[in-house]
Amino acid sequence: MIYPIVKYGNPVLETRAAIVADFDTPELQKLLDDMFESMYAAKGVGLAAPQIGISRRIAVIDLSVGEDPAQKIVLINPEIISCEGAQTCEEGCLSVPGFREQVTRPQKVTVRAQNAKGESFEMSGEELLARAFQHETDHLDGMLYLSHVSPLKRDLVRRKVRKLMKSGEWK
Ligand SMILES: [Zn+2]
């Protein structure tokens, strides 16, 4: 099932998501399948559960956007456990469509998370993958990438979004 993507302005995106305690259930597997499907439909490389209105600590990533099953990553209850270096790159978010901003983040990141069975694992990523680990983990803490841009730029985006909301183009 393809869920609509929740947009900036919806409080679920600014709420800390709940820890997942039940693993290896058909319900969790269905949610993960739906998250990948919804992410591919939106042509994204990462999706966090709050972005489909579900406030649970689950994220999916696939830098190949469905081209290579080996690149599918499921992160449940993820935690960033180490960061190295810095990279600055343009970043966007499916929940803030039409906007992209320069964001500086660590170059290399190691995340610890659980898989659908509840098994704990660690994974390191650089560049875009490191960025995705951080971006998606931020979502689960109720943070958007906009909290990493200058207040001036954030206000500009906020004002533009408010205008779009008024004209009914942002729902
Ligand atoms: Zn996002």
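Colleague: Does K43 count as buried or exposed?

Modeller: The relative accessibility of K43 is 69%, and the classes are buried (under 20% relative accessible area), exposed (over 50%) and partly exposed (in between), with a 1.4 Å probe and protein chains only. This is a predicted model, in which local features need pLDDT of at least 70 and side-chain atom pairs count only at pLDDT 80 or more, while totals for chains, interfaces and linings use all residues. Residues are numbered from 1 along each chain as its sequence is written, and side-chain values use heavy atoms, with hydrogens and water left out. At 69%, K43 therefore counts as exposed.

Colleague: Where does K43 lie?

Modeller: Helices (H or I, at least four residues) and strands (E, at least two) are DSSP runs, numbered from the N terminus. K43 is not a glycine, yet its phi is positive, near 60 degrees. Its place is the loop between α1 (26-41) and β1 (46-48).

Colleague: What is the phi of V65?

Modeller: V65 is in the loop between β2 (58-61) and β3 (73-84). With a relative accessible area of 30%, V65 is partly exposed. V65 is not a glycine, but its phi is positive, about 50 degrees.

Colleague: Which residue has a side chain joined to that of E169 by a polar contact?

Modeller: E169 is in the segment after α3 (151-166) and counts as exposed, at 57% relative accessibility. Contact means heavy atoms within 4.5 Å; leaving aside neighbours within four places in sequence, E169 is in contact with K7 and L164. A polar contact is a pair of N or O atoms within 3.5 Å; within protein, one must be able to donate a hydrogen and the other to accept it, and residues adjacent in sequence count only if both atoms are side-chain atoms. At 2.6 Å, the side chain of E169 has such a contact with that of S167.

Colleague: How far from the side chain of T137 is the backbone oxygen of F133?

Modeller: T137 lies in helix α2 and counts as buried, at 6% relative accessibility. Not counting residues up to four places away in sequence, T137 touches P78 and I80. From a polar atom of its side chain to the backbone oxygen of F133 is 2.6 Å.

Colleague: Which residues does R131 touch, not counting those up to four places away in sequence?

Modeller: R131 is also in helix α2. At 4% relative accessibility, R131 counts as buried. On those terms, R131 touches Q87, T88, C89, E91, V103 and R105.

Colleague: Which element gives the most to the lining of the largest pocket?

Modeller: On a 1 Å grid over the protein atoms alone, a pocket is an open set of points where a 1.4 Å probe fits, with protein on both sides within 12 Å along at least five of seven lines; lining residues have an atom within 4 Å of a point. The largest pocket holds about 410 Å³ of space. Of its 23 lining residues, the closest to the centre are V45, G92, C93, R100 and H135. β4 (87-91) and α2 (127-140) each supply at least two lining residues, and the most, six, come from α2.

Methods. Points joined across faces, edges and corners; volume = space filled by probe spheres on them.
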